[in-house]
Every structure is written in C-alpha cells, then in structure tokens.
Amino acid sequence: MRPTGIETFAFIFSAGALQWLHGTTTDDDGREIGNFTLFGDLLARMALADGTSKGFHRPLMLSVGQAQYSEEQLSTHWNMGRKHIRRLLDGLERLELIDTCRSRVASVMTFPCLLQWMAKDGSVVSNPFIHKQRERIEPF
C-alpha cells in the first residue's frame, strides 16, 4: 500500500498519531481495518512527479507530494459512509497526518508528517509540504 517506485519513507509522528496508526477503524459491515492500512492507502495516492491526476471527473495539476481524492471514492473503496469518511479525514488532520483542501471542484491532500522518501533509483525527495513547526519531541 505505497506508491510504486518508493523504496523508503521518513516520517515524524506525534504520540497521538502513532497511537491512532496502531489502532483500527470499523467499516459499515462491522469489519475492522488497520488504521495504518488506511493511511497507507491515502499515501499510495500521492503524486511522485508533477502532473495531472488520473481517475477523476475533474483532474487537477498536482505537485509532488499532493494527492487528489474523493470522499465518495474513499467511501466506496473503504466501505464506509461519507460522514464516517469526513470524520476520519478530519481526525487525520487534527493528528497532522494529512492536510486537506476541499472545494466544489476537487479535494487535495498533502502529508505534513512525511519528511522525505527515497525512490527505487536512490534519489531522495524532500516533501515540500512538511510542517516546519511540529510538536516538541523530548529526548529519551
């Protein structure tokens, strides 16, 4: 559940984000889905090169590190109602796992917790959408 062409990722997660990623979410049929799986599915939608997104009625030009999404498509893919999807995405924003920008035309997300990734060819790409100010991390 990651973009093709990616070898490794480097993230910075808050304690709350790690706790959420370790948990599960229940779909509309009562099945539990690992939250890390849901996050990985969102991450797999991320553009690895500047260009037009595919598979949408109104595709957008995306920059590296952005992902176009549809609450309706996520609802179908994850077997959850749209209100459930909206609450889930809002929670991911509060945990700083994603940032979203929704409009009538399209919705785009970025991953502020993603520091960088290494492509299979060995090139390292820094995330242009990382938050500069994160919660303070205390040394051990």
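Which residues line the second largest pocket? The close-up views below start there. This is a predicted model, in which local features need pLDDT of at least 70 and side-chain atom pairs count only at pLDDT 80 or more, while totals for chains, interfaces and linings use all residues. Residues are numbered from 1 along each chain as its sequence is written, and side-chain values use heavy atoms, leaving out hydrogens and water.

**View 1. The second largest pocket has a volume of about 170 Å³.** Its lining consists of Y69, S70, E71, E72, R82, R86, R102, S103, A106 and S107. By class, 5 of these residues are charged, 3 polar and 2 nonpolar. Here Ala, Val, Leu, Ile, Met, Phe, Trp, Tyr, Cys and Pro are nonpolar, Asp, Glu, Lys and Arg are charged, and the others, Gly among them, are polar. Helices α3 (71-78) and α4 (82-94) each supply at least two lining residues. A pocket is an open set of points on a 1 Å grid over the protein atoms alone, where a 1.4 Å probe fits, with protein on both sides within 12 Å along at least five of seven lines; lining residues have an atom within 4 Å of a point. Volume is the space filled by probe spheres set on the points, which are joined across faces, edges and corners.

**View 2. E71, R86, D90 and R102 are linked in a network of salt bridges.** A salt bridge places a side-chain nitrogen of Lys or Arg within 4 Å of a carboxyl oxygen of Asp or Glu. Between E71 and R86, the closest N and O atoms are 2.6 Å apart. This pair joins helix α3 to helix α4, across 15 residues of the chain. For D90 and R102, the corresponding distance is 3.3 Å. Helices (H or I, at least four residues) and strands (E, at least two) are DSSP runs, numbered from the N terminus. With a relative accessible area of 9%, E71 is buried, whereas R86 is partly exposed at 37%. Buried means under 20% relative accessible area, exposed over 50%, and partly exposed in between (1.4 Å probe, protein chains only).

**View 3. S75 sits in helix α3.** Its relative accessibility is 14%, so S75 counts as buried. Leaving aside residues up to four places away in sequence, S75 touches M80, G81, R82 and I85, where contact means heavy atoms within 4.5 Å.

**View 4. Helix α2 (residues 35-43) is largely enclosed by the rest of the structure, because 7 of its 9 residues are buried.** These are N35, L38, F39, G40, D41, L42 and L43.
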